[in-house]
Amino acid sequence: MVSLQINKKSYTIDADPEMPLLWAIRDLAGLTGTKFGCGVAQCGACTIHLNGEAVRSCVTKVSRAIGQEITTIEGLSVNNDHPLQLAWNEANVPQCGYCHSGQLMSAAVLLKEKPSPTDEDIDNAMSGNICRCGTYPRIRKAIHLAAEMQRKETAK
Amino acid sequence: MTAQQKNPPLKSSVRLISVFGILLTFVGLMAFGLNEPLYPPAKSNTLVIKKDSITSVKAFKAVYTVLMSPRCMNCHPSGDVPLQGDDSHLHTMFPKRGTEGKGVLAMKCANCHQPANTPGLHTPPGNPNWHLPPANMKMVFQGKTARQLAKQMVDPKQNGHKNMQQLLEHADDGLVLAGWNPGEGRTLPPMSHAQFKKAWTTWIKTGAYAPKN
């Protein structure tokens, strides 16, 4: 049995330390918001936060996450009200939606490190997250929108 | 009476020495903080140089074939995007070097590169210390001639602040060794690590001469 700290909650699960963290999150902890895409860190669909970094959970072993702080899309905000989630809704970003939990988790790291990102910052941060529907222009728009919301919130 | 005249000379001297001492401490701390070496100090200092330019140049030519192989050169690119594959193409997704060589924003190297190789063909290779050289010392291999690279290797201002002893020991650095454990689907450098280390050691111990071209 191993203990994982996911979204500030402790999960004790029967997982091999060599198991991909994505399996543990989805199949053992039951948090299915994080998606399986390629399985080899090429698409970004499985992006979660490990100690605040946008880690690809499909190639990350459970052993790397023991004792660390894991955040999944379910833990990004309490009421789905992270500025990015609000902006995603407002800009109607997703088409099929499959890649968007990963997109949001990468964008959240970007906004944390660069509260007012330029287009170049967005390219640099988001180039590891692929969207087969091609929603990239709306992703860019929503990130700028979320940055603006975040700035207004901070200014209050 | 001025303020200076109020203090006896001894008291003034003590205060001056104290202020100077504090300043010196700060300067020392700043210097170490800002110029922290990229590599640990040399384990020993037993380097004996026996100059022999012909043997040295010959050894470096062997070293150069390894340094220019994809397993070494791919992480010493001329630009800020690492290279990938046996054809040394730009890394897919275009991850950027970043200040410390560890990537930027949501694209840090360790987000995908794990402490060990990921199983499977062409999956991300891994190492606990996976990174590019930092932005302030890029240590570029790509596009360098043997002469240019040899001269770069021995210059502490271009080699990660390494002296010759540290350079000698660098043959056993974890990331250098990772070149011989590249993960499935990648060719190895053109000689074994033992042969490389022998050529590297010979090059340094015979004077670290640079080839003419």
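# A tour of chains A and B

Select helix α3 (residues 83-90) and helix α6 (residues 136-155) of chain A: their axes come within 8 Å and cross at roughly 130°. Helices here are DSSP runs of H or I with at least four residues, strands are runs of E with at least two, and both are numbered from the N terminus. Axes are lines fitted to C-alpha atoms, for helices over the stretch in contact, and angles run from 0 to 180 degrees between N-to-C directions.

This is a predicted model, in which local features need pLDDT of at least 70 and side-chain atom pairs count only at pLDDT 80 or more, while totals for chains, interfaces and linings use all residues. Residues are numbered from 1 along each chain as its sequence is written, and chains are lettered from A and ligands numbered from 1 in the order in which they are written.

## Stop 1: the helix pair

Stay on the two helices. Two packed helices are described by the angle between their axes and the distance between the axes. α3(A) and α6(A) are therefore oblique to each other. Angles under 35 degrees count as roughly parallel, over 145 as roughly antiparallel, 65 to 115 as roughly perpendicular and the rest as oblique.

Now show the side chains of the contact. From α3(A) select A:Pro83, A:Leu84, A:Leu86, A:Ala87, A:Trp88 and A:Glu90; from α6(A) select A:Ala142, A:Leu145, A:Ala146, A:Met149 and A:Gln150. Two residues are in contact if their C-beta atoms, placed from the backbone, lie within 7 Å. How do the residues of this contact divide by class? Nine are nonpolar, one is polar and one is charged. Ala, Val, Leu, Ile, Met, Phe, Trp, Tyr, Cys and Pro count as nonpolar, Asp, Glu, Lys and Arg as charged, and the others, Gly among them, as polar.

## Stop 2: the sheet of chain A

Select the strands of chain A in the order β2-β1-β5-β3-β4: these five form an open sheet with mixed pairing. Two strands pair if DSSP finds at least two bridges between them. β2 and β4 of chain A are the edge strands, each pairing on one side only. On average, neighbouring strands of the sheet are turned by 40° against each other, direction ignored.

Next, go to strand β1 (residues 2-6) of chain A. Five bridges join β1(A) to β2(A), and the two run antiparallel. Within this pair, A:Leu4 has A:Tyr11 in β2(A) as its bridge partner. The two strands form a hairpin with two residues between them, and A:Asn7 in the turn has a positive phi of about 50°. β1(A) is also joined by two bridges to strand β5 (residues 69-71) of chain A, and these two run parallel. Here A:Ile6 stands opposite A:Ile70 in β5(A).

Move to strand β3 (residues 47-50) and strand β4 (residues 53-56) of chain A, which pair in the antiparallel sense over four bridges. A:Ile48 stands opposite A:Val55, and A:His49 has A:Ala54 as its bridge partner. This hairpin has two residues between the strands, and A:Asn51 takes a positive phi near 50°.

## Stop 3: a loop residue

Select A:Asp14, in the loop between β2 (9-13) and α1 (21-28) of chain A. Is A:Asp14 buried or exposed? A:Asp14 is exposed, because 9 other C-beta atoms lie within 10 Å. A residue is buried if 20 or more other C-beta atoms lie within 10 Å of its own, exposed if 12 or fewer, and partly exposed in between, with C-beta atoms placed from the backbone.

## Stop 4: chain B

Where chain B meets chain A, the contact takes 16 residues from chain B and 21 residues from chain A. The chain B side has nine nonpolar, five polar and two charged residues.

Chain B as a whole has eight helices and four strands. Buried residues make up 27% of its 213 residues.

Finish at B:Ser88, in the loop between β1 (83-84) and β2 (89-90) of chain B. Phi of B:Ser88 is positive, near 50°. Most residues other than glycine have a negative phi. B:Ser88 is partly exposed, because 16 other C-beta atoms lie within 10 Å.
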